[in-house]
Amino acid sequence: MQNPSHPSDSSETAFPAALATRPLTKEQCTLVEKHYPQVRAVVSQMRSYLPTCADLDELQSVGLTGLIAAVRRYDPTQNKTFEAYAAMRIRGAILDELRRLDWMPRSARHRARQLRQTMDTLEQTLGRAPTEDETRERLGLNRIDFDKLQLRVQPVRFLPLDKPMERDSGASLSLHDSIADENTPPSHERMEHEETLVALSRTMKVLPERHRQVIMLYYFHNRRLSEIAEAFKVTEARVCQIHGQALQLLKQRWVDRN
């Protein structure tokens, strides 16, 4: 994506990320380039009440989509100037994105705001930071409900997974490398599984050829007994008999092995 702060000679390729619906005209591209600094200005104005985890670069990109939407939809016959209309669209796009990324339900955010206001009021009244018991009593909550409230509204901390972490040995290790994969079975379970497969493979070798083929086709190739019977030119009843005999032999060999 070209930098919007530098005008492009192309009439349709200055902002390719925003051309999903239809190409901008040359005049529209020029208008977007001219007013792009307004995106940064709106993000800067909103910065004081943005969450600390907000990525300003990402929000500027989102704000740019709002600016382009303003360019597409602005009606010169409206009483609003383009600057005012664009600011509204930019701010709306950013707020929509923040709502989409917001991890806290609206009810929890309301309770968090109520808790903050209560603590601020008590601090002004007492001339010091209130204790938990003072805040709890002002809210009219028992200890259990107050603890639940604090747990519910506590901020979420975001940590970059690729950030290096120093170890005692001096070697660096990223958080991504140190977090266990829940989908990966523990080492001892994996080793036991591998040992079981090896033992089963050895046990299979003692079966007669026809019995081994039936087991392989049925359990490893998901073939039906009728299909196996057709392949061996025998009746399905005979295949069932061979299958049962094979399982009995495997069971006996496995018991003897253990």
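**Charged side chains and their surroundings**

Guide: Arg143 is partly exposed, with a relative accessible area of 32%; the term covers values between the limits for buried (under 20%) and exposed (over 50%), computed with a 1.4 Å probe and protein chains only. The model is a predicted one, in which local features need pLDDT of at least 70 and side-chain atom pairs count only at pLDDT 80 or more, while totals for chains, interfaces and linings use all residues. Residues are numbered from 1 along each chain as its sequence is written, and side-chain values use heavy atoms, with hydrogens and water left out.

Side chains of opposite charge can pair when their charged atoms come close. Here the criterion is a side-chain nitrogen of Lys or Arg within 4 Å of a carboxyl oxygen of Asp or Glu, which is called a salt bridge. Over the whole structure the search returns nine salt bridges.

One of them joins Arg143 to Glu132, with an N to O distance of 3.3 Å. This pair connects distant parts of the chain, 11 residues apart: Glu132 sits in helix α5 (residues 132–139) and Arg143 in helix α6 (residues 143–153). Helices are DSSP runs of H or I with at least four residues, numbered from the N terminus.

Arg224 counts as exposed, at 54%. Elsewhere, salt bridges with shared partners connect Glu132, Asp133, Arg136, Arg143 and Asp147 into one network.

Glu189, Glu192, Glu194 and Glu195 form a patch of negative charge on the surface. Patch members have over 30% relative accessible area and no salt bridge, and like charges are joined within 9 Å. Asp and Glu count as negative, and His and the chain ends are not counted; the place of a charge is taken as CD for Glu. Areas come from the Shrake-Rupley method with a 1.4 Å probe. Glu192 lies in helix α8 (residues 187–204) and is partly exposed, at 48% relative accessible area.

On the backbone, two residues other than glycine have a positive phi. For Asn222 the value is near 55°. Asn222 lies in the loop between α9 (209–220) and α10 (225–232) and counts as exposed, at 67% relative accessibility. For Lys233 phi is near 60°. Lys233 belongs to the loop between α10 and α11 (236–257), and is exposed, with a relative accessible area of 73%.

Finally, the cysteines. A disulfide is a covalent bond between the sulfur atoms of two cysteines. The test is a pair of cysteine sulfur atoms within 2.5 Å, and by this rule the count is zero. Cys29 is buried, at 2% relative accessible area, whereas Cys240 counts as partly exposed, at 38%.

How values were computed:
Patches are made of residues with over 30% relative accessible area and no salt bridge: like charges are joined within 9 Å, nonpolar side chains (Val, Leu, Ile, Met, Phe, Trp, Tyr) within 5 Å.
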